[in-house]
Amino acid sequence: MIKLCLTGAIQRLLQNDLLSAEAINKADEGAIKELIHPVGFYSRKACNMKKVAKICLDKYDGDIPSTLEELLELPGIGPKMAHLVMNVGWNNVQGICVDTHVHRICNRLGWVSRPGTKQKTSTPEQTRESLQLWLPKEEWVPINPLLVGFGQTVCTPLRPRCGICKISDYCPSAFKETPSPASTPTKKRAMIE
């Protein structure tokens, strides 16, 4: 659903010729809001898009910054988006893009922990740092789309579908949260009842 909203928003911006810094800078913020509306926090994102467009025009000749540090200075750009831009825009992999799905799944699988402890990470940024300590760099880009899709369909935030999960035998968190009724196979459902 989130990916569909984002894709739709980008399509609408494209159809209205609003994918350049110059066009976004000239556009009415209300029009941008309407075009990206299904996306969460659309008002704040429209405002930030205008600010980022102006900065890109003033400081980067209409382009985007080419360093992680400069990207992180832009309004509304956090580590996940900065790493994504470095990966896609500059073909420069400096870190893993960790969103809520990657953060949640890595913690459920026990892949990450806070430094010096066995406690779960509490932020996506802590997850990114912990994951990067052991995951080979060649896996830094593909891990995000893999876990995001898995998190949207199987290892969902509420009521994960452990009963249909192909890796539940290896997951320390499997069947510990309230499952979705559709995820419990008939045989296991009978055992529960």
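**Charged pairs and their helices**

Tutor: Let's start with Asp 58, which counts as exposed because its relative accessibility is 55% (buried means under 20% relative accessible area, exposed over 50%, and partly exposed in between, using a 1.4 Å probe and protein chains only). Before we go on, please keep in mind that this is a predicted model, in which local features need pLDDT of at least 70 and side-chain atom pairs count only at pLDDT 80 or more, while totals for chains, interfaces and linings use all residues. Residues are numbered from 1 along each chain as its sequence is written, and side-chain values use heavy atoms, leaving out hydrogens and water.

The partner of Asp 58 is Lys 54: the two form a salt bridge, with their closest N and O atoms 3.0 Å apart. The term stands for a side-chain nitrogen of Lys or Arg within 4 Å of a carboxyl oxygen of Asp or Glu. In general, side chains of opposite charge can pair when their charged atoms come close. Both Asp 58 and Lys 54 sit in helix α4 (residues 42-60), 4 residues or about one turn apart. Helices here are DSSP runs of H or I with at least four residues, strands are runs of E with at least two, and both are numbered from the N terminus. Lys 54 is partly exposed, at a relative accessible area of 43%.

The structure holds 3 salt bridges, so let's visit the others. In one of them, the side chains of Lys 26 and Glu 22 meet at 3.1 Å, N to O. These residues are separated by about one helical turn, because they lie 4 residues apart in helix α2 (residues 21-26). Lys 26 is exposed at 64% relative accessibility, whereas Glu 22 is partly exposed at 46%.

Another joins the side chains of Arg 128 and Glu 125, at 2.4 Å from N to O. Since they are 3 residues apart in helix α8 (residues 124-132), about one helical turn lies between them. Arg 128 is buried, with a relative accessible area of 11%, and Glu 125 is partly exposed, with 25%.

Now turn to His 103 in helix α7, which counts as buried at 15% relative accessibility. Its side chain makes a polar contact with that of Thr 127, at 2.5 Å (a pair of N or O atoms within 3.5 Å; within protein, one must be able to donate a hydrogen and the other to accept it, and residues adjacent in sequence count only if both atoms are side-chain atoms).

Helix α7 (residues 100-108) also meets helix α9 (residues 143-153): their axes come within 8 Å and cross at roughly 80°. The axes are lines fitted to C-alpha atoms, for helices over the stretch in contact, and angles run from 0 to 180 degrees between N-to-C directions. Among the residues that meet are His 101 and Ile 105 in α7, and Leu 147 and Phe 150 in α9, where contact means heavy atoms within 4.5 Å.
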